[in-house]
Amino acid sequence: MLVLIDHDRGQVEEVSLQVVAFGRAVGGRLDGDSVEAVVIGDQGASIAERVGTHVAVVHLVQHDALTDYAPEAWGDALAQLVVQRDARAVVGVGTDRGNEVLAHAAAVLGVPFITNVTTYERDHDDDASAFLTRQRWGGSLLEDAALAPGLAALSAAPHAFAPLEIPRPNEEVAAQSLMQLFTPNLGPEAGRTRVVERRAVGGGVTLQTAPVVVSGGRGVGSVEGFVALEQLAELLGGAVGCSRVVTNQGWRPHSDQVGQTGKRVAPILYIACGISGAIQHWIGMQSAQRVLAINIDKDAPMVTKADYAVIGDLHVVVPAIVAELQRRRA
Ligand code: FAD
């Protein structure tokens, strides 16, 4: 069982470690020893130690074409490792990058690719087959499917599987000794799609990792209306998100959009200000642990589904929360 650890230049997010639990589910009766992690790229060594506490072996895949993210080269390299290890399955997490790399690997191997799996159960009568549920259409549809025997690539829907700590048989063995270097055979064409430049658009916490997301919808009304939301996000150590209406209006960049055609977030608290709660928005924040809705409409879907709601004008409520937080901190 090979599990691809998604990382961005050595930074591993919690969601990437959920894939180890998924690998165990797919592996059925396999023990921790049979789950092997794959970390691609030069910066892989810095994260291998952390991952090494979850799996038996970490394959460090290194090559000149893998110095930064390059989807085809990553997919090709992963496919070569699958062949070399004679893996039963290769799994990853259903992030943009995880799905992209697995899609390339599956195409190279000529095997099926099953994306965004939420549950996985082995067929008790036939150990090689399985029944699974997976998200489709951005999570608005759940599909039950049967998986025939044979090598397959699978990705887990983000947040569908809790991260798992896998005990190693011999805790004395240093993580370092469990790392194995793999150098794939990649031609010049493998790196034709690759990251050549990065431009920072902002600092601080990101929308997808923030513990609190303060999100605004049409009710915010303007670019200036987001100032109070930004103040609240800063006070709570969070990030600002928004609905599609807001990006369509040009009040916020698309990178802030939450939903089916935006980002998926899973904060501890999601504060929805002036957002009606359309299904396409809900899909993006349904994994939030708690939802607070601030809305003038007590019947808005966001209000009826939220854990907490304040019925009122956000232009009054949000500054009031900001003022109270500032008062308490002073
Ligand atoms: P509205 O639905 O207009 O809701 C505004 C809310 O603000 C209302 O509930 C209102 O009561 C409240 N309000 C108004 N004034 C105030 C005030 N002063 N104080 C407090 N509350 C107030 N949407 C997304 O968000 N993300 C997506 O990724 C996405 N993808 C889509 C993909 C497809 C294929 C399609 C068809 C649609 C998609 N949408 C997406 C759009 C989605 O269907 C909704 O139209 C959108 O989410 C609505 O945004 P909203 O809640 O900001 O606006």
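Analyst: Val-212 belongs to strand 10, which covers residues 212–216. In this predicted model, Val-212 has 11% relative accessibility and therefore counts as buried, the limit being under 20%. Leaving aside neighbours within four places in sequence, the contacts of Val-212 are Leu-236, Gly-238, Ala-239, Pro-267, Leu-269 and Ile-271. Ala-266 is 54 residues away from Val-212 along the chain, yet their C-alpha atoms are separated by 8.9 Å.

The second largest pocket holds about 460 Å³ of space. It is lined by 26 residues, and those closest to its centre are Arg-218, Ser-243, Val-245, Ile-275 and Ser-276. Helix 6 (244–249), helix 7 (279–285), strand 13 (290–295) and helix 9 (314–329) each give two or more residues to this lining. Helix 6 gives the most, with three residues. Sorted by class, the lining of the second largest pocket has 16 polar, seven nonpolar and three charged residues.

The ligand is surrounded by 27 residues, of which Arg-218, Ser-243, Thr-261, Ser-276 and Asn-295 are the closest. Ser-276 places a polar side-chain atom 2.7 Å from an oxygen atom of the ligand. Backbone atoms also take part: a backbone N or O atom of Val-258 lies 2.8 Å from a ligand nitrogen atom, and a polar backbone atom of Leu-314 is 2.9 Å from a nitrogen atom of the ligand.

Methods. Residues numbered from 1 in each chain as written. Predicted model: local features only at pLDDT ≥ 70, side-chain atom pairs only at ≥ 80, totals over all residues. Heavy atoms only, no water. Helix = DSSP H or I, 4+ residues; strand = E, 2+ residues; numbered from the N terminus. Buried < 20%, exposed > 50% of the residue type's maximum accessible area, 1.4 Å probe, protein only. Contact = heavy atoms within 4.5 Å. 1 Å grid on protein atoms, 1.4 Å probe; cavity = no way out; pocket = protein on both sides within 12 Å on 5 of 7 lines; lining within 4 Å. Points joined across faces, edges and corners; volume = space filled by probe spheres on them. Nonpolar A, V, L, I, M, F, W, Y, C, P; charged D, E, K, R; others polar. Near = heavy atom within 4 Å. Polar contact = N/O pair within 3.5 Å; in protein donor to acceptor, adjacent residues only side chain to side chain.
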